[in-house]
Amino acid sequence: MSVIGIHIIGDGIRIAKAQKQRKGIVVIGKADNRFSKGLVRKGVIVKPEKAGEELKQLIQSNASLHASKAVICLSPEQVYVTLCSTKRASGSKERMLIEKEIKRWIPEELSKLAYSVRILEKKKDKIDVAVIAVRQDVLVSYVACCKAAGLHIIGITTVPHAIASLAKGIKQPSLLFST
């Protein structure tokens with residue numbers, strides 16, 4: 001399976017493709033460029049079709065990057081990460097308590113976020129969770145850009161997760177969201 005990692009930061013784009021070899025993980029292709037002026041505003045790709053065309057051209061200009069599948073790597077400045085604790089409860093009550101904690105620590109409306117909650121520890125009377133969130137408008141614009149480039153998105157991760165996965169020799173990075 002041929003997969004590339006796509007990292008959009010500001011108005012720039014970085015693409016990398018790595019492969020496991022005897023020596024370890026080796027980057028077999030990489031490229032970077034800037035999107036045309038006005039395509040990205042406040043972290044959101046405002047013209048995903050045009051940005052997708054530019055992304056496709058960048059991939060096609062480098063034979064080692066040809067792939068049909070991609071993982072989107074979100075930059076740390078686009079991602080909210082928090083650790084929180086709340087009382088244990090059953091089912092929907094516990095979810096409501098976790099969402100209350102998310103609202104307390106992340107400065108965005110919950111309805112405007114895509115988020116992933118990972119349970120770290122369940123104790124007798126409380127639960128510890130890690131929350132990773134990104135604004136939906138950012139996420140939707142990145143996915144639309146990649147789809148316009150003809151790529152099938154297999155997952156979304158953060159740059160630190162992707163680097164850690166490569167360092168460990170994991171074929172696929174730890175995904176925050178899978179499609």
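Which residues line the largest cavity?

A: The model is predicted, so local features need pLDDT of at least 70 and side-chain atom pairs count only at pLDDT 80 or more, while totals for chains, interfaces and linings use all residues. Residues are numbered from 1 along each chain as its sequence is written, and side-chain values use heavy atoms, with hydrogens and water left out.

The largest cavity is lined by I13, N33, R34, F35, E54, L55 and L58. A cavity here is a set of points on a 1 Å grid over the protein atoms alone where a 1.4 Å probe fits but cannot get out, and lining residues have an atom within 4 Å of a point. Its volume, the space filled by probe spheres set on the points, is about 40 Å³. Strand 3 (24-34) and helix 1 are the elements that give two or more residues to this lining; helix 1 gives the most, with three. Helices (H or I, at least four residues) and strands (E, at least two) are DSSP runs, numbered from the N terminus.

Helix 1 (residues 48-60) also packs against helix 3 (residues 136-148), at an angle of about 50° and with the axes 7 Å apart. Axes are lines fitted to C-alpha atoms over the stretch in contact, and angles run from 0 to 180 degrees between N-to-C directions. In helix 1, P48, E49, A51, G52 and L55 meet S141, A144, C145, C146 and A148 of helix 3, contact meaning heavy atoms within 4.5 Å.

Terms used
1 Å grid on protein atoms, 1.4 Å probe; cavity = no way out; pocket = protein on both sides within 12 Å on 5 of 7 lines; lining within 4 Å.
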